Amino acid sequence: MLHWLIAIVILFLFALGWYMNELPRGSGKVTDIDLFDLGIYTFHLTEAATPRTFYFNLHKSIGFTVLLLVALRLYWRLMHRPPALPASMKRWEKVVAHGTHHLLYLMMVLMPLTGLLTTLYSKYGLHWFSVPVLPGLDNPGWRDFFVDAHGFSASILIVLIGLHIAAALKHQFIDKDNTLKRMSFFD
Ligand code: HEM
């Protein structure tokens with residue numbers, strides 16, 4: 001359950017991150033935002049903001065939530081041993097699977113952490129769904145460093161997610177060894 005929730009939210013954050021970065025700076029402030037210009041849902045803001053500010057705040061708020069969820073997942077994972085990998089897997093396959101899983105955990109921490117540090121060193125800080133959490137230290141040098149680190153982490157994480165999904169599909173449809181069933185309620 002936690003595995004699937006984190007997966008969906010992280011994929012959404014990728015889409016949101018790329019989308020918001022394309023939005024123009026300095027466009028007019030509005031109070032109604034048609035979510036992703038899809039004509040499905042219009043968000044009403046109590047205080048006027050530019051679409052770019054709105055989507056950045058949304059990305060940062062959901063991203064911070066992911067950091068908390070990943071911390072919960074790591075705690076769960078450290079307290080509970082997962083079932084052993086299928087005996088049919090070759091030794092090298094197990095090494096690659098474990099390596100990818102460890103790297104995924106590392107990147108799932110580094111991704112939101114670099115985002116959080118970008119925000120800390122920006123002039124805006126973090127408002128988590130409007131609740132002030134972090135001030136903005138307004139240090140362009142460190143902000144740019146963490147913007148690059150966040151972008152670099154995104155490139156690595158997307159490759160790892162691709163490998164992870166490809167491996168899961170191979171187990172499900174080629175090896176047919178029921179590996180997907182290992183992801184039970186709290187995994
Ligand atoms: C797993 C969680 C996250 C994912 C997958 C993610 C993904 C992304 C992606 C794909 C981009 C666009 C990068 C680019 O085009 O170069 C981005 C940008 C950004 N993210 Fe995240 N993000 C996450 C968490 C966070 C968090 C927790 C924060 C802050 C609290 C944050 C703040 C930002 C900011 C400020 C930018 C714009 C950087 C710039 O100025 O170019 N992100 N994110």
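Student: How far is a polar side-chain atom of His59 from a nitrogen atom of the ligand?
Tutor: The distance is 2.8 Å. This model is predicted, with local features needing pLDDT of at least 70 and side-chain atom pairs pLDDT 80 or more, while totals for chains, interfaces and linings use all residues. Residues are numbered from 1 along each chain as its sequence is written, and side-chain values use heavy atoms, without hydrogens or water.

Student: And what about His150, how far is its side chain from a nitrogen atom of the ligand?
Tutor: An N or O atom in the side chain of His150 is 2.8 Å from a ligand nitrogen. A polar side-chain atom of Asn21 lies 3.0 Å from an oxygen atom of the ligand. For polar contacts, the cut-off is a pair of N or O atoms within 3.5 Å.

Student: Which elements give two or more residues to the shell around the ligand?
Tutor: They are helix H1 (2-22), helix H2 (51-79), helix H3 (91-121) and helix H4 (140-175). Helices are DSSP runs of H or I with at least four residues, and strands are runs of E with at least two. H1 gives the most, with seven residues.

Student: Which residues come nearest to the ligand?
Tutor: Of the 20 residues around the ligand, the nearest are Asn21, His59, Gly63, Thr119 and His150. A residue is near if one of its heavy atoms lies within 4 Å.

Student: What coordinates the iron atom of the ligand?
Tutor: His59 and His150 do, each through NE2, at 2.0 to 2.1 Å. Donors are N, O and S atoms within 2.8 Å of the metal, or 3.2 Å for Na, K and Ca.

Student: What is the geometry of the iron site?
Tutor: The site is octahedral, with angles of 87 to 179 degrees among its six donor atoms. Six donors count as octahedral if opposite ones are over 155 degrees apart and all others between 65 and 115.

Student: Is His59 buried or exposed?
Tutor: His59 counts as buried, at 13% relative accessibility, whereas His150 counts as partly exposed, at 21%. Buried means under 20%, exposed over 50%, and partly exposed in between, using a 1.4 Å probe and protein chains only.

Student: New topic: where does UniProt put the transmembrane regions?
Tutor: The unreviewed UniProt entry lists residues 61-78, 99-121 and 149-169, and such annotations may be inferred rather than shown by experiment. In the model, residues 61-78 are 100% helix, with end C-alpha atoms 26 Å apart. Residues 149-169 are 100% helix too, with end C-alpha atoms 30 Å apart.

Methods. A polar contact is a pair of N or O atoms within 3.5 Å; within protein, one must be able to donate a hydrogen and the other to accept it, and residues adjacent in sequence count only if both atoms are side-chain atoms. Four donors count as tetrahedral if all angles lie between 85 and 135 degrees; four count as square planar and six as octahedral if opposite donors are over 155 degrees apart and all others between 65 and 115; anything else is irregular.
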